[in-house]
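User: I am new to this. Please take a close look at the salt bridges here and walk me through them.

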Amino acid sequence: MIRTRHGRAEILICQDQGSLAHAAAQEVVRAAAEAVSARGRFVLAVSGGTTPAPVYDLLASHYAEAIAWDRVVLFWGDERCVPPDDPRSNYRMVRTRLLDRVPVLPSQIYRIRGEDDPMVAAAAYECALHQVLAASPGMTPQASFDLALLGLGNDGHTASLFPGYGAVREQERWVLAEEIAALGMWRVTLTPVALNRARALLFIVEGAAKAETVQRVLEGPFDPEKLPAQAIQLPSAPVRWVLDRCAAARLAVPGSPGS
Ligand code: 6PG
């Protein structure tokens, strides 16, 4: 396993998908312990897609005893605007891989209501987020999540911040809904405003198909309109990336084939 600073990122390169899932799960366990110790709760934003599913499986099994699940407050980074039992639903994926297997309190699970009108769902989710996070009612929270998990699409999107759409440029709102023409669906997503207020951010990316995009995002010219994942930056800490060797293959880091 290689851990190294890379520009404004910190990357961890794992041998294979299995060790990547363990490394990502260990990052969650570590962040949870720190948050609960410091603030009495762990506010986590989970990612959708397929890559994090094995991580949730491990959190629900191998690492289940390592997290104080009753202290976990759960949000999503984004949602497809479909019903919660739709196979495409990020809520459904996390529920089946994690929530049906660990005792997170239902009152502390804040899903994006994909079955509702997207604009209404986005406004309701933003309101819930601010209420849960704000030190006092009506105040805009300073920090957002203790940890937000993120994936990376081949086109450089993350959460549902897609190239060519406005959400990546948003300067005020924490949550937006956009109709993504190429997908033929609406999405609700956290914006960089919300994500960049997290205490920690963790990208989880695996597979050779992502290697070129990982290299462009981490080593290429800064152009978040084309590569929205580049808009995700923390003011005073590195964004962490857990990669397998295949996804890291084009990076110029010691020990990587691309070096
Ligand atoms: C989603 C995710 C999205 C995902 C990437 C990578 O709703 O699909 O939020 O940003 O993380 O598309 O997806 P995979 O992990 O399936 O490659």
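Analyst: Here is a walk through the salt bridges, pair by pair.

This is a predicted model, so local features need pLDDT of at least 70, side-chain atom pairs count only at pLDDT 80 or more, and totals for chains, interfaces and linings use all residues. Residues are numbered from 1 along each chain as its sequence is written, and side-chain values use heavy atoms, with hydrogens and water left out.

Side chains of opposite charge can pair when their charged atoms come close. A salt bridge here is a side-chain nitrogen of Lys or Arg within 4 Å of a carboxyl oxygen of Asp or Glu. A search of the whole structure finds 19 of them.

Start with D146 and R39. Their closest N and O atoms are 2.8 Å apart. D146 sits in the loop between α4 (118-133) and β6 (147-150), while R39 is in helix α1 (residues 17-39). The two are 107 residues apart, so this pair links distant parts of the chain. Helices (H or I, at least four residues) and strands (E, at least two) are DSSP runs, numbered from the N terminus. D146 is buried, at 5% relative accessible area. R39 is partly exposed, at 34%. Buried means under 20% relative accessible area, exposed over 50%, partly exposed in between (1.4 Å probe, protein chains only).

Next, D78 and R187 form a salt bridge at 3.5 Å, N to O. D78 lies in strand β5 (residues 78-80) and R187 in strand β8 (residues 185-190), so the pair ties together parts 109 residues apart in sequence. D78 is buried at 5%. R187 is buried at 9%.
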